[in-house]
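Hello,

Here is the structure I promised to pass on to you. Have a look at it first, and then read my notes below.

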Amino acid sequence: MAETNIPASREGNHMNGRPNIVLVHGAWADGSCWSGVIERLQAAGYHVTAPQFPLTSTADDVARLRQVLTLQDGPTIVAGHSYGGQIMTALGTDAPNAAGLVYIAAFGLDQGESLGALLSQGPTPPALAHLFTDKQGFIWQQQDDFVQHFAADIDPVRAKVMHAVQQPTASSTFTEAMGVPAWKSLPSWYLIATQDQAIPPDAQRMFANRMGATTSEVPSSHLPMVSHPDETAQLIKTAAEARTAMPAGQAGRRQR
């Protein structure tokens with residue numbers, strides 16, 4: 001009998017017609033920040049991958065995302081948080097297996113925009129007020145700002161653990177200009193965190209409006225996937241169910 005290269009967990013997902021789900025963490029985080037969401041999606045029968053991203057440059061991070069997407073066995077919903085939104089947006093038109101994008105309090109830049117230029121348009125958000133850059137050009141979060149502002153609605157003991165495992169991000173990610181954004185050709189969803197002290201809620205609404213995203217709001221800090229995993233998982237499932245309902249052979253691509 002011929003052997004299959006599809007692991008059993010993924011084969012079931014492939015057979016039931018559900019898309020795979022890939023979760024993209026942001027700066028000062030790792031894949032474990034999605035733990036509560038992963039538990040809920042797996043319980044609902046989805047195959048989920050939450051890889052670690054190097055955060056050494058946007059190009060390196062996008063390469064990792066393409067690597068993971070190529071490993072999926074079919075259509076895939078990509079959900080990104082914060083800077084993770086920049087990673088999946090930068091997939092552009094080269095997004096293997098991607099069938100939809102879910103932004104979780106995430107940056108949804110348009111062509112020519114950069115994180116730094118966008119953030120400089122207004123007062124520095126409290127969660128980003130005291131970032132510091134090391135000699136290698138990587139940016140770190142201060143513990144007080146992380147606990148009090150970045151993760152404001154999370155138990156301080158847990159927030160301190162999250163701060164301890166933070167991955168710094170290369171300063172170059174703030175100056176790199178976006179190419180053609182992936183959301184111009186893929187359907188999108190957006191979860192707005194209305195108490196966010198890192199990305200202003202009005203900026204999130206602007207991102208969601210111009211990409212034509214299906215939008216939900218949650219009274220959360222910058223980390224809704226941690227403090228509100230039910231609502232976060234539900235929006236991702238909504239995107240996955242919309243993809244499942246699409247006629248065969250359509251990946252939900254659209255041009256704007």
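Leaving out residues up to four places away in sequence, Ile154 touches Ala159, Met162, Leu223, Val226 and Ser227 (a contact means heavy atoms within 4.5 Å). This is a predicted model, where local features need pLDDT of at least 70 and side-chain atom pairs count only at pLDDT 80 or more, while totals for chains, interfaces and linings use all residues. Residues are numbered from 1 along each chain as its sequence is written, and side-chain values use heavy atoms, with hydrogens and water left out.

You will find Ile154 in the loop between α6 (143-150) and α7 (156-164); helices are DSSP runs of H or I with at least four residues, strands are runs of E with at least two, and both are numbered from the N terminus. Ile154 is buried, at 8% relative accessible area (buried is under 20%, exposed over 50%, partly exposed in between, with a 1.4 Å probe and protein chains only).

Now for the rings. The whole structure has four aromatic pairs (rings of Phe, Tyr and Trp, the last by its six-membered ring, with centres within 6.5 Å; planes under 30 degrees apart are stacked, over 60 edge-to-face, the rest tilted). One of them, Trp28 with Phe150, is edge-to-face, at 6.0 Å between centres and 80 degrees between planes. Trp28 sits in the loop between β1 (20-24) and α2 (35-43) and Phe150 in helix α6, so the pair ties together parts 122 residues apart in sequence. Trp28 is buried at 5%, and Phe150 is buried at 2%.

Best wishes
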